[in-house]
Amino acid sequence: MRVVSVLSAALLTLGLASAPAAADSSPSPSQDASAPTRAGTSFRTAAEIEQGQKATASGSTGDYLYWSFPADTGQRPTVGATVKLPDTHAAQTWQIDVYDGLRRRQACQYGAQTRTAAADAPSVELACVLRTVRAWSEPWANDPLPGTYYVRLTATGVAASDLGLPVDSEVRVDSRDIGGSAAVDGSLAEPLVPGIATRSGDEEESSAVLAGLEPEDGWASGWWSDRWVWTAVGGALAALAGVAGYALTRGSGRPSRVPPAA
């Protein structure tokens, strides 16, 4: 039974160690005051935002507003947008779309991706919860992969009299870390991020650089997942069950009244 006690203590220690690992895996909201106050007008000029930042921008009804953000393996991003409308306007339909690093439109699992604001409504709120970002996917699939994601906000149904009216918008991206339940075998060689700028050094040559933003711990920071923990826990439970079963079935040995075999 001493072996059983040792295995039980080890299992308890492993379980306690897994708790902080799971808690630390979620990205913390950024309090950076340098969040952008403008939006791009195309994919190439999209304003970069960190997850947890609230980006703001002023524009005109009918404009296309673009932002970009990084998303890594195991994250399930949620994109939320609020549009503050003019005091007087007709009914308007607003829509938020999300594209991956290959500029493929990603479907929303749920959320009000398109909403119609009634005439003279003060604002409209939109949301899009993406599927979990996978570390690897088949070339023919449309699964979300690690890299840069683009947010496009625009009005799709606007009366001619409302075109050009000023609007203010707020966009925020947050992610939930799904963990080992979304883990797959395989990974990308590089994240799907654009080379949108050049960086000049001391040398005469300029080297291409990727998008300026990346996850706090770097790309592929999700190589560790709770799947490893639960695999170890399952192995420990199996060993514990084997030892306990043996202890219960082997008995107390040969009774004293039974002579030893010749």
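How many disulfides does the count come to? The count comes to one disulfide, a disulfide being a pair of cysteine sulfur atoms within 2.5 Å. Here are some notes to read beside the structure.

1. Ground rules. This is a predicted model, in which local features need pLDDT of at least 70 and side-chain atom pairs count only at pLDDT 80 or more, while totals for chains, interfaces and linings use all residues. Residues are numbered from 1 along each chain as its sequence is written, and side-chain values use heavy atoms, with hydrogens and water left out.

2. Overall make-up. The chain has two helices and 13 strands; both are DSSP runs numbered from the N terminus, helices being H or I with at least four residues and strands E with at least two. Of its 262 residues, 36% count as buried. Buried means under 20% relative accessible area, exposed means over 50%, and partly exposed is in between (1.4 Å probe, protein chains only). The accessible surface of the chain is about 15,300 Å², and 54% of that belongs to carbon and sulfur atoms. These areas come from the Shrake-Rupley method with a 1.4 Å probe, and for residues only the protein chains shown count as cover.

3. Contacts along the chain. A contact means heavy atoms within 4.5 Å. Taking contacts between residues at least 6 apart in sequence, 71% join residues at least 24 apart.

4. The disulfide. Cys108 and Cys128 form the disulfide, with their sulfur atoms 1.9 Å apart. The link of Cys108 and Cys128 is left-handed, with -100° about the S-S bond. Because Cys108 lies in strand β7 (residues 108-110) and Cys128 in strand β9 (residues 123-130), the pair ties together parts that are 20 residues apart in sequence. Cys128 is buried, at a relative accessible area of 0%.

5. Aromatic pairs. The count comes to four aromatic pairs. Rings of Phe, Tyr and Trp (its six-membered ring) pair if their centres lie within 6.5 Å; planes under 30 degrees apart count as stacked, over 60 as edge-to-face and the rest as tilted. One of the pairs is Phe43 with Tyr99, which is edge-to-face at 5.2 Å centre to centre and 90° between the planes. This pair links distant parts of the chain, with Phe43 in the loop between α1 (2-24) and β1 (47-48) and Tyr99 in strand β5 (residues 92-99), 56 residues apart. Phe43 counts as buried at 19% relative accessibility, and Tyr99 is buried with a relative accessible area of 10%.

6. Tyr150 counts as buried at 3% relative accessibility. Phe43, Tyr66, Tyr99 and Tyr150 form one aromatic cluster.

7. Pro70. You will find Pro70 in strand β3 (residues 65-71), where it counts as buried at 5% relative accessibility. The C-alpha atoms of Pro70 and Thr148 are separated by 4.6 Å, although the two residues are 78 apart along the chain. Leaving aside residues up to four places away in sequence, Pro70 touches several residues, including Ile49, Gly147, Leu213 and Trp219.

8. Strands β2 and β11. Seven bridges join β2 to β11, and the two run antiparallel; strands pair if DSSP finds at least two bridges between them. Lys54 stands opposite Arg172 in β11. Ser169, in strand β11 (residues 166-177), is buried with a relative accessible area of 3%. Not counting residues up to four places away in sequence, the residues that Ser169 touches include Ala55, Thr56 and Ala57.

9. Two backbone angles to look at. Most residues other than glycine have a negative phi. Arg103 has a positive phi of about 60° although it is not a glycine, and its place is in the loop between β5 and β6 (105-106). Asp120 has a positive phi of about 65°, and Asp120 is not a glycine either; it is found in the loop between β8 (114-117) and β9. Arg103 is partly exposed, with a relative accessible area of 42%, and Asp120 counts as partly exposed at 42% relative accessibility.
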